[in-house]
Structures are given as structure tokens and as C-alpha cells.
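Please look over the sequence and the structure before reading on.

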Amino acid sequence: MPARTGRPPKISRADIVSAAHRIIEAEGTESLTMRRLAREVGTTPMALYHHVHDKEELLLLLLDDYAAATPRPEFPDEPAERMAAAAVALHDALAGRPWVVDVLRADDLLSVHALWYPETIIDAAVRAGLTLERAVDAYRIIWHYTAGEITARAAARRRREEGGPTYRRRVFADLDAEALPRLAAVGDRWEELTARDTYGEGLRALVAGLLTNRFATDGRS
């Protein structure tokens with residue numbers, strides 16, 4: 001096939017966002033460069049700069065595109081249940097896109113379209129009796145728990161997909177029952193047990209603890 005000559009094909013922001021999604025899903029955010037993206041859409045890096053200024057702006061576009069397409073479910077009115085339900089919705093929205101968690105954990109880029117998650121959780125925490133400042137603390141605690149769970153599960157899933165016995169499995173198969181009796185008792189089932197989904201259970205316990213201790217943490221008697 002002869003080499004393409006003439007001007008590069010016209011592209012749109014939608015084309016760029018779609019191509020960037022494909023790259024990230026297949027190769028991760030580290031591989032998303034303007035040069036790599038240009039190859040994906042069949043144009044030049046210079047042509048991309050007419051649509052996006054840099055990788056940061058591109059990531060913002062991706063975050064907003066994904067958040068805007070995520071539906072907003074109805075939540076219970078009871079504050080504790082509302083906090084938990086909003087956190088579960090956030091978890092479910094991000095679980096299939098761990099790269100989004102990686103971007104958000106840098107604590108700078110965010111999607112304006114997704115701000116209703118923290119707004120809902122913080123508002124419910126205030127209605128449950130927390131001060132606004134403590135409600136923000138509560139949201140951040142819930143966020144770190146949620147992000148950590150998603151990141152850990154994604155890493156474990158990648159490790160399992162590589163196949164073969166894991167180092168952890170080999171260690172737990174041969175534990176000293178006298179030194180570590182509890183762990184040795186579940187040794188051959190450790191991977192099975194630790195692979196169970198405990199996010200919802202842990203979240204409810206976390207929310208209950210945050211709200212139960214609200215008077216002590218807020219300095220009230």
C-alpha cells in the first residue's frame with residue numbers, strides 16, 4: 001500500500017476522546033502521549049493541538065466524558081443509608097475504570113460532572129449531624145477507602161490473569177501452625193477468602209463509625 005500523502009484527515013474532539021479511551025483501556029495512562037494518540041487517529045501531534053493543549057486537558061476531557069455518561073441513581077433519604085448508597089454508586093462507576101482512580105488520586109484533576117458524588121455524601125453527613133468540616137473529612141475517608149479497594153482489586157486481578165502460582169499462595173501453603181495458628185488454619189483458602197467482595201460490608205461499618213463518633217470528633221458532649 002502506498003504511503004499516505006497530502007493533508008492529514010480531519011478529526012474532531014469526539015474522535016480524539018474515543019481514541020484516547022482505547023489507548024488507556026489497552027495500555028494504561030502512561031502510554032497516552034500526544035504522539036501515541038496521533039498515531040491512533042492517523043494524524044500528526046501538531047494537528048491534535050488544535051483540539052487539546054496537552055495531556056492534562058485530554059485527561060480532563062476523558063474524565064468529563066465518562067462522568068457525563070454515568071447515570072445518577074436515586075438514593076435513600078436516611079442520611080447514613082444515603083452516604084453508603086452514594087459511595088457504592090461511586091465505587092460501581094469507577095470499578096471498571098481503575099485508570100480514573102489513578103488520575104483522581106493525584107488530587108488535582110477532577111470532573112465537574114462527577115462532583116455530585118461528594119456533594120451527596122457531604123450533604124448527607126451534615127444532615128446526620130456532622131459539621132461541614134467533619135463531613136468533608138468523612139467524604140475523604142470514604143473516598144480513600146473506595147479508591148484503595150478498587151486499586152487493590154485491579155492489581156490482584158492483573159496478577160491472577162498472568163497465571164501460575166503466586167508467591168503469596170506458596171507462602172500460605174507452608175505456614176508454621178505454631179507461630180501463626182490462625183493464618184495456618186486458613187492457609188490453603190487464603191486467596192479464596194481474600195478475593196471475596198467485602199466493600200459494601202466495610203463501607204457500612206465505616207459510615208456507622210464516622211457517624212457514631214460524630215459528637216466526640218466534633219468536640220460536643
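The model is predicted. Arg-36 is a residue of helix H2. With a relative accessibility of 16%, Arg-36 counts as buried, because the cut-off for buried is under 20%. Apart from neighbours within four places in sequence, Arg-36 is in contact with Ile-23, Glu-27 and Ser-31.

| Helix pair | Residue ranges | Angle between axes | Axis separation |
|---|---|---|---|
| H1 and H2 | 13–27 and 34–41 | about 110° | 9 Å apart |
| H1 and H4 | 13–27 and 55–68 | roughly 90° | within 10 Å |

H1 packs against H2 at an angle of about 110°. That angle makes H1 roughly perpendicular to H2, and H1 passes H2 in a right-handed crossing. By class, the residues of the contact of H1 with H2 are six nonpolar, no polar and five charged.

The axes of H1 and H4 cross at roughly 90°, and these two helices are therefore roughly perpendicular to each other. From H1, the contact uses Arg-13, Ile-16, Val-17, Ala-20, His-21 and Ile-24. From H4, the contact uses Glu-57, Leu-58, Leu-59, Leu-61, Leu-62 and Asp-65. The contact of H1 with H4 holds eight nonpolar residues, one polar residue and three charged residues.

**The nonpolar core**

In soluble globular proteins, nonpolar side chains tend to be buried together. In this model, the largest nonpolar core has 54 residues. Which residues have the most contacts inside this core? They are Leu-32, Leu-37, Leu-48, Leu-62, Met-83, Ile-142 and Trp-143.

At least two residues of the core come from each of H1, H2, H4, H5 (79–95), H6 (98–104), H7 (116–127), H8 (132–161) and H12 (199–212). Which helix gives the most to this core? H5 does, with eight residues.

Ile-142 has contacts with Met-83, Ala-87, Ile-121, Leu-203, Leu-206, Val-207 and Leu-210, when residues up to four places away in sequence are not counted.

Key. Residues numbered from 1 in each chain as written. Predicted model: local features only at pLDDT ≥ 70, side-chain atom pairs only at ≥ 80, totals over all residues. Heavy atoms only, no water. Axes fitted to C-alpha atoms, helices over the stretch in contact; angles between N-to-C directions. Helix = DSSP H or I, 4+ residues; strand = E, 2+ residues; numbered from the N terminus. Parallel < 35°, antiparallel > 145°, perpendicular 65-115°, else oblique. Left-handed = near helix turned anticlockwise from the far one by under 90°. Nonpolar A, V, L, I, M, F, W, Y, C, P; charged D, E, K, R; others polar. Contact = heavy atoms within 4.5 Å. Core = buried A, V, L, I, M, F, W, Y, C linked by side-chain atoms within 4.5 Å. Buried < 20%, exposed > 50% of the residue type's maximum accessible area, 1.4 Å probe, protein only.
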